[in-house]
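Me: Where does UniProt place the feature "binding site"? Please take a careful look at that part first, and then at how it sits within the rest of the chain.

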Amino acid sequence: MIKIYNSLTREKEELKPLRPGEISMYVCGPTVYNYIHIGNARSTVAFDTVRRYLEYRGYQVKYVSNFTDVDDKIINRAHEEGLTTDEVADKYIQAFYQDTDALNVMRATANPRVVENMADIIAFVADLIDKGYAYATNGDVYFRARQFKGYGKLSDQNLDDLREGASQRLASDDQAVKEDSVDFALWKAAKPGEVSWDSPWGIGRPGWHIECSVMATKYLGDTIDIHAGGHDLIFPHHENEIAQSEAKTGQTFANYWMHNGFVTMGDDGEKMSKSLGNFVLAHDLIAEIDPQVIRYFLATAHYRSPLKFSQQNIQDAKNNLEKLNNAYKNANYRLPTAVQALDQDDHELAKIASHEAAFVAAMDDDINTPNGMTVIFQLIRDMNVYSEQDQVSQAVLQAYLDSFSQLTGVFGLIFTSEADLLEDDIQALIDDRQAARQNKDFARADQIRDQLKAQGIELDDTPQGTRWKRVDQ
């Protein structure tokens with residue numbers, strides 16, 4: 001039984017999909033005016049891992065994540081780079097795919113863009129006006145937050161407190177056009193030179209919040225199973241999504257709300273943010289570090305916990321990934337010399353099944369990835385011990401390897417056996433060295449070892465034979 005923490009109810013709840021065997025999931029995507037930073041990547045990887053686990057458990061997941069391609073930041077970037085807003089959006093959407101592909105993030109079922117759904121956005125806003133939840137003024141359209149009785153339920157905030165805070169922040173011009181300081185924009189009148197669209201209220205463009213309501217309901221239905229995003233989106237973005245969506249449809253917008261924790265920087269745990277200027281671009285990090293190390297770092301932390309970005313934590317991820325990789329290679333190395341079956345196979349297969357059950361128990365508890373990874377390390381401990389035995393069973397080794405690949409696959413990790421990496425010339429040298437040793441020509445054997453070392457190949461002579469690995473030079 002899968003339980004997830006629902007930000008709306010602030011407790012863990014059993015996952016009960018709207019349709020048996022299917023999950024509809026909407027994840028707020030990036031505003032495409034720059035490369036994503038590692039905090040953005042954390043959200044993308046975290047919910048990709050959630051998706052992978054749901055699929056591992058047998059669900060068919062319809063996964064939608066938007067691109068915000070109409071925004072002040074995009075307009076500003078277009079002016080800076082001498083491009084159109086469409087060109088800026090296209091550039092950074094491709095960059096997003098490049099970075100997330102490197103991190104082995106599965107492509108979404110759909111990645112809708114605001115500009116492709118403008119007619120639906122305008123119709124959605126018009127419907128809210130017709131229902132009395134929104135009003136037009138001077139070319140803008142605002143949502144009457146107080147009209148929606150449940151406003152504040154996700155962020156657990158009181159409307160009167162919000163009104164007082166908003167009154168202190170708003171300029172007098174904004175105060176004049178709004179009926180209430182807590183009302184929020186659904187449509188904005190265009191400023192000179194801005195990208196804009198015709199609407200019943202004049203030329204303008206949509207507010208930020210409306211796009212996700214429109215695209216989530218358009219692609220997944222009036223009620224969806226899971227809506228997810230960063231913790232910083234709870235208010236106002238997700239709170240406003242709930243209000244405008246449920247005001248329009250009269251239905252529950254999302255049954256479960258999931259929010260990932262921040263990536264923090266420094267000893268004081270400051271949130272990573274472009275606005276604070278303390279961010280690390282995923283694009284730059286991927287160029288410096290094996291993307292699988294970054295994936296491990298992001299995917300193995302519990303999605304709701306803060307995650308400290310530090311060189312030590314990256315190094316720890318690299319070391320742990322290497323342990324997994326070595327275990328996988330060791331088991332693959334023994335496969336060619338394994339016998340078909342042994343009398344003790346049932347005992348070992350039962351161990352594997354026990355690890356898989358423990359993995360499910362850990363991950364069913366709000367996608368507890370740290371505990372899930374602990375189980376994987378217990379699996380490779382047993383796999384390593386078994387691989388070192390004098391005689392091993394092909395059936396058991398393959399079962400270990402299959403289980404290893406399935407469980408690490410939930411984390412989006414990919415492992416390749418030595419056999420897949422071995423070039424013909426390197427294998428020929430290893431074979432020549434083995435023959436030289438058998439002929440007691442140790443000078444030749446040492447010469448070959450040195451030659452391989454010069455190519456970045458390190459040899460390890462074990463009772464089961466010579467193993468090799470690539471090393472950094």
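Reply: Contact here means heavy atoms within 4.5 Å. This is a predicted model, in which local features need pLDDT of at least 70 and side-chain atom pairs count only at pLDDT 80 or more, whereas totals for chains, interfaces and linings use all residues. Residues are numbered from 1 along each chain as its sequence is written, and side-chain values use heavy atoms, without hydrogens and water.

An unreviewed UniProt entry places the feature "binding site" at Cys28, Cys212, His237 and Glu241; such annotations may be inferred rather than shown by experiment, and feature names are shortened, with positions in the numbering used here. These four residues span 214 residues in sequence, yet no two of their C-alpha atoms are more than 11.1 Å apart, so they gather at one spot.

When neighbours within four places in sequence are left aside, His237 is in contact with Cys28, Trp208, His209 and Cys212. With the neighbours of Glu241 within four places set aside in turn, Glu241 touches Cys28, His209, Cys212, Ser213, His227 and Phe253.

Helix H7, residues 208–220, packs against H8 at an angle of about 55 degrees, with the two axes 9 Å apart (axes are lines fitted to C-alpha atoms, for helices over the stretch in contact, and angles run from 0 to 180 degrees between N-to-C directions). H7 and H8 are therefore oblique to each other, given that angles under 35 degrees count as roughly parallel, over 145 as roughly antiparallel, 65 to 115 as roughly perpendicular and the rest as oblique. On the H7 side the contact is made by Trp208, His209, Ile210, Cys212 and Ser213, and on the H8 side by Pro236, His237, Asn240, Glu241, Gln244 and Ser245, so that Cys212, His237 and Glu241 of the annotated set take part in this packing.

As for the rest of the chain, its secondary structure comes to 17 helices and 15 strands, and its C-alpha atoms fill a box of roughly 95 × 50 × 40 Å, taken along the principal axes. Buried residues make up 52% of the 473 residues, and among contacts with a separation of 6 or more, 75% join residues 24 or more positions apart.

Elsewhere, helix H10, residues 291–299, is mostly covered, with nine of its nine residues buried; these residues pack against helices H1 (38–56), H3 (85–102), H9 (282–288), H11 (311–334) and H13 (369–387) and against strand S13 (307–309). By way of contrast, Gln434, in helix H16, counts as partly exposed at 32% relative accessibility.

Definitions and conventions:
Buried means under 20% relative accessible area, exposed over 50%, partly exposed in between (1.4 Å probe, protein chains only). Helices (H or I, at least four residues) and strands (E, at least two) are DSSP runs, numbered from the N terminus.
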